[in-house]
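Open the model in your viewer and keep the selection panel at hand. The tour goes from one selection to the next.

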Amino acid sequence: MNNIISLNIATPAEVAKGIAARVKARRLELDLTQEGMSARAGIKFATYRRFEQTGEISLRGLLQIGFALNVLHEFEALFTQRQYRSLDDVLNNSSITRKRGKKNG
């Protein structure tokens with residue numbers, strides 16, 4: 001039985017817009033225009049402008065922005081911590097073993 005409750009209340013679109021807002025704030029802290037930021041990141045201006053407005057961008061584009069802002073290391077930390085399903089999983093985890101994912105369907 002799964003006793004862990006997920007408290008994720010933000011949608012992927014909301015998270016994306018939040019990231020875009022934080023990138024915009026960082027850009028403004030650095031006194032860069034959208035054109036300057038897009039040039040620094042090596043992405044098209046229209047792509048960068050759409051990102052700030054909607055939060056939509058390719059993963060590669062987002063990584064390029066992260067590189068330009070010197071925060072690429074934060075992306076490298078994504079998905080590195082194991083997710084436990086119960087306290088028993090935590091207590092019984094003496095080593096990491098490979099498992100296959102469940103097939104959907």
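For sorting residues by class, Ala, Val, Leu, Ile, Met, Phe, Trp, Tyr, Cys and Pro count as nonpolar, Asp, Glu, Lys and Arg as charged, and the others, Gly among them, as polar. This is a predicted model, in which local features need pLDDT of at least 70, side-chain atom pairs count only at pLDDT 80 or more, and totals for chains, interfaces and linings use all residues. Residues are numbered from 1 along each chain as its sequence is written, and side-chain values use heavy atoms, with hydrogens and water left out.

Next, select helix α2, residues 34-41, where Q34, M37, S38 and A41 are buried (under 20% relative accessible area, 1.4 Å probe, protein chains only). These residues sit on the same side of α2 because they cover an arc of only 100 degrees around the axis, taken from the directions from the helix axis to the C-beta atoms. Just after α2, pick G42, with a positive phi of about 75 degrees.

Then select I19, R22, L62, E74 and F75. Of the 15 residues that line the largest pocket, these are the closest to its centre. A pocket is an open set of points on a 1 Å grid over the protein atoms alone, where a 1.4 Å probe fits, with protein on both sides within 12 Å along at least five of seven lines; lining residues have an atom within 4 Å of a point. By class, the lining has 11 nonpolar, 1 polar and 3 charged residues. The largest share, 5 residues, comes from α1.

Technical notes: Buried means under 20% relative accessible area, exposed over 50%, partly exposed in between (1.4 Å probe, protein chains only). Helices (H or I, at least four residues) and strands (E, at least two) are DSSP runs, numbered from the N terminus.
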